Amino acid sequence: RAAFFDVETALAEQRIIPHYQPVVRLDSGRIVGLEALLRMRRRDGSIVAAAEFQEVFSDPRLAYHLTDHLIAEVAKDIAGWTAAGIDCGHVGINVAPADFIGESLGVRLEAAMAKAGVPLSRIVVEITEIIFMDDPRHNVADLVEDLRKRGARVALDDFGTGFASLTHLLTFPSDIIKIDRSFIDRLVTDPCSAVIVESLVDIALKLGKRVVAEGVETQLQADRLLSFGCTLGQGYLFAKPADVAVTTRRLSGRY
Ligand code: G
Ligand code: G
Ligand code: MN
Ligand code: NA
């Protein structure tokens with residue numbers, strides 16, 4: 001596993017980069033947006049996924065710097081696509097609990113986007129439910145309100161995994177619900193998961209939110225989701241996360 005030190009060194013050496021996974025229409029596979037996912041490039045060129053070093057996000061100082069670096073890279077990429085006349089849609093970024101302490105994430109995001117000439121309305125801040133259950137210092141409700149006031153969108157990520165998912169719908173004014181992969185995994189094989197997913201989609205749509213299904217790996221899952229009225233998803237069935245060059249080709253319709 002990659003250690004704290006490896007990630008810190010990679011950050012200093014500009015070897016922390018975003019990969020992007022498309023968010024697609026489940027019926028046509030058409031790309032409507034992206035999710036940025038942090039990757040570390042080793043000196044030998046190999047790529048290490050965030051899952052391999054997730055523990056570093058629990059270090060507040062490093063997590064803060066990783067987020068700042070990531071948002072600057074994402075802003076640059078969006079600016080590049082825009083300049084090339086390529087529409088990338090909305091781009092999701094994941095945040096760590098450390099991003100809810102100290103200087104406002106809204107201020108940091110606004111500064112990074114302004115520097116690249118990208119409107120904040122391009123950005124979706126994906127907040128995992130685990131953060132809500134964390135310590136009250138994180139002030140998530142205020143932060144969510146601040147982000148939306150500045151024009152960013154907010155997604156409840158890994159939705160359904162928290163102990164109080166439905167309460168979160170009331171407490172946090174999100175724009176998008178991302179249904180956790182664990183439910184999609186069992187969607188076709190487990191009738192109980194199917195009922196839960198159908199109900200979550202129904203609730204989210206009735207509340208006027210967009211719903212994105214995560215981890216869609218089979219056509220059967222996509223079809224079932226479509227029958228529930230869930231029109232958006234991401235997953236290996238459509239595309240794995242990939243670097244900016246591959247993503248540019250995908251967005252240009254060449255892949
Ligand atoms: O892409 P991957 O499967 O390695 O992601 C594993 C986990 O790491 C996911 O839960 C994802 O949300 C998280 N993650 C990916 N990129 C980032 C990031 O830039 N910041 C934070 N805080 N978490 C990230
Ligand atoms: O927690 P979060 O939703 O941010 O995590 C997203 C992670 O899920 C990414 O790291 C990505 O690599 C992974 N992922 C995306 N699509 C699929 C999929 O279809 N199957 C599996 N197993 N993982 C996926
Ligand atoms: Mn996410
Ligand atoms: Na998720």
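Ala, Val, Leu, Ile, Met, Phe, Trp, Tyr, Cys and Pro count as nonpolar, Asp, Glu, Lys and Arg as charged, and the others, Gly among them, as polar. By these classes, the shell around ligand 2 holds four nonpolar, six polar and five charged residues. A residue is near a molecule or strand if its C-beta atom, placed from the backbone, lies within 6 Å of it. Of the 15 residues around ligand 2, the nearest are Leu37, Gly215, Glu217, Gly235 and Tyr236.

## Model and numbering

This is a predicted model: local features need pLDDT of at least 70, side-chain atom pairs count only at pLDDT 80 or more, and totals for chains, interfaces and linings use all residues. Residues are numbered from 1 along each chain as its sequence is written, while chains are lettered from A and ligands numbered from 1 in the order in which they are written.

## Leu11

Leu11 sits in helix 1, residues 4-12. Helices (H or I, at least four residues) and strands (E, at least two) are DSSP runs, numbered from the N terminus. Leu11 is partly exposed because it has 17 C-beta neighbours inside 10 Å. The cut-offs are 20 or more other C-beta atoms within 10 Å for buried, 12 or fewer for exposed, and in between for partly exposed, with C-beta atoms placed from the backbone.

Beyond residues up to four places away in sequence, Leu11 touches Ile16, His65, Leu66 and His69. Contact means C-beta atoms, placed from the backbone, within 7 Å.

## Two positive phi angles

Most residues other than glycine have a negative phi. Gln14 has a positive phi of about 60 degrees. Gln14 lies in the loop between helix 1 and strand 1 (16-25). Gln14 is exposed, because it has 10 C-beta neighbours inside 10 Å.

Asp158 also has a positive phi, about 55 degrees. Asp158 lies in strand 6, residues 153-159. Asp158 is buried, with 22 other C-beta atoms within 10 Å.

Methods
Two residues are in contact if their C-beta atoms, placed from the backbone, lie within 7 Å.
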